[in-house]
Amino acid sequence: MKYRKFKADHIFTGHEVLYRNAVLVTDLDGKIIEIVDKNDAGDDIESFKGILTPGFVNAHCHLELSHLKGIIPNRTGLVEFVQKVMTQRAASDEVKFDAMRLAEQEMYNGGTVAVGDICNTADSIAIKQKSKIRWHNFVEVSGFIDAAAEMRLNAAMQIAHQWSMVNNQWSIVPHAPYSVSKTLFQLLNNETANQLISIHNQESEEENKLYENKSGGFLELYKNFGIDISSFQPTQKTSLQTWLPYFTNNQSIISVHNTFTNQEDLNQLPISNLQPFFCLCINANRYIELKIPPINLLRKNNCNIVIGTDSYASNWQLNMFEEIKTIQHEMAFAVPLSEILQWATINGAKALRMDKELGSFDKGKTPGVVLIEEMNGLNITVRSSAKRII
């Protein structure tokens with residue numbers, strides 16, 4: 001068997017940082033053989049300046065919205081943003097395909113090895129069939145009118161059937177609390193027993209206002225789209241406290257955004273007997289509302305944190321390392337880089353149920369190898385960048 005041997009200033013294993021004398025050994029296909037001391041590694045060591053890390057896992061993306069890059073202005077607020085996506089997402093098949101192809105290449109070159117991708121259609125099947133990235137396809141369902149719940153779920157199931165023919169990692173998921181009715185939540189709970197699901201959560205304060213007292217900007221959205229919510233009754237609880245109890249069938253949950261999640265919300269987790277993964281999409285939150293999620297609050301509560309890029313409709317790029325850079329900058333370097341890398345690698349792999357193959361340099365895995373360059377020790381600089389090695 002032939003091997004490749006990698007050495008750098010630091011190696012992040014997915015669990016911890018190793019220093020200069022560590023050498024990562026893989027086979028020619030990138031399967032991890034072992035990590036050894038330099039003195040035991042022999043010849044032909046490839047040496048790099050910077051940090052070697054397992055490939056990144058993007059826990060939340062919308063590949064099929066890639067054609068909206070630069071179309072929707074930033075800082076509109078979520079309610080206006082949602083309306084613009086709904087009215088401007090139409091495009092020709094050629095335009096959408098070309099945009100998705102470029103987006104997939106950007107993620108691959110930047111070191112992304114797996115993506116949790118939201119699918120409202122089957123548009124991205126052709127791209128993903130040829131992709132070297134692994135995908136979990138979240139087939140999204142929405143509908144805020146109880147009477148239409150079964151019809152909405154059946155329509156999503158038809159799309160899911162197309163995914164089931166070409167990819168074995170897919171699941172039906174709710175879009176967001178402001179777009180899923182009580183009846184639809186109940187149907188989804190039955191449909192998703194023991195499955196992995198994701199949900200957009202508390203991306204705007206308007207979402208909490210809707211459930212707490214039936215007020216806020218979403219009322220205008222429903223009016224603009226002719227959605228009659230006269231039968232909707234507020235729960236007098238926050239969004240998360242309202243939707244979380246619907247899921248009682250051993251689901252694994254990725255809660256995405258969480259920009260307006262608070263301590264009282266997190267206090268409900270032990271009661272619900274669920275331990276969601278909380279996905280940070282910090283650049284999207286800055287793009288839409290110029291807000292950032294409560295990272296220290298999530299850390300204080302020992303939450304399982306992962307990272308996503310969201311879509312080109314709400315981000316300047318789909319580069320996971322840019323998310324890492326923004327987190328470290330916004331947190332004033334108070335969060336160790338090794339912790340953020342853990343969110344971007346092994347935590348993401350666990351969230352997508354891919355940690356047997358991805359997320360760490362454990363023997364037998366094929367997690368990809370990424371180099372982070374232009375570092376100042378273990379701190380990111382403005383010049384830092386990441387690229388795929390394997």
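Helix 13 and helix 14 cross in a right-handed manner. In this predicted model, helix 13 spans residues 320-330 and helix 14 spans residues 337-351. Their axes come within 10 Å and cross at roughly 140°.

On the helix 13 side, the contact is made by Met320, Ile324, Ile327 and Gln328. Helix 14 contributes Leu337, Ile340, Leu341, Trp343 and Ala344. Sorted by class, this contact comprises eight nonpolar residues, one polar residue and no charged residues.

## Largest pocket

The volume of the largest pocket is about 650 Å³. Its lining consists of 27 residues, and those closest to the pocket centre are Val82, Met86, Ser142, His175 and Ser179. In terms of class, the lining of the largest pocket holds 13 nonpolar, nine polar and five charged residues.

Two helices, helix 1 (78-88) and helix 7 (218-224), each supply at least two residues of this lining. Helix 1 gives the most, with five residues.

## Second largest pocket

The class composition of the lining is eight nonpolar, five polar and three charged residues.

Methods: Residues are numbered from 1 along each chain as its sequence is written. This is a predicted model: local features need pLDDT of at least 70, side-chain atom pairs count only at pLDDT 80 or more; totals for chains, interfaces and linings use all residues. Side-chain values use heavy atoms; hydrogens and water are left out. Axes are lines fitted to C-alpha atoms, for helices over the stretch in contact, and angles run from 0 to 180 degrees between N-to-C directions. Helices (H or I, at least four residues) and strands (E, at least two) are DSSP runs, numbered from the N terminus. A crossing is left-handed if the near helix is turned anticlockwise from the far one by less than a right angle, and right-handed if clockwise. Contact means heavy atoms within 4.5 Å. Ala, Val, Leu, Ile, Met, Phe, Trp, Tyr, Cys and Pro count as nonpolar, Asp, Glu, Lys and Arg as charged, and the others, Gly among them, as polar. On a 1 Å grid over the protein atoms alone, a cavity is a set of points where a 1.4 Å probe fits but cannot get out, and a pocket is an open set with protein on both sides within 12 Å along at least five of seven lines; lining residues have an atom within 4 Å of a point. Grid points are joined across faces, edges and corners, and a volume is the space filled by probe spheres set on the points.
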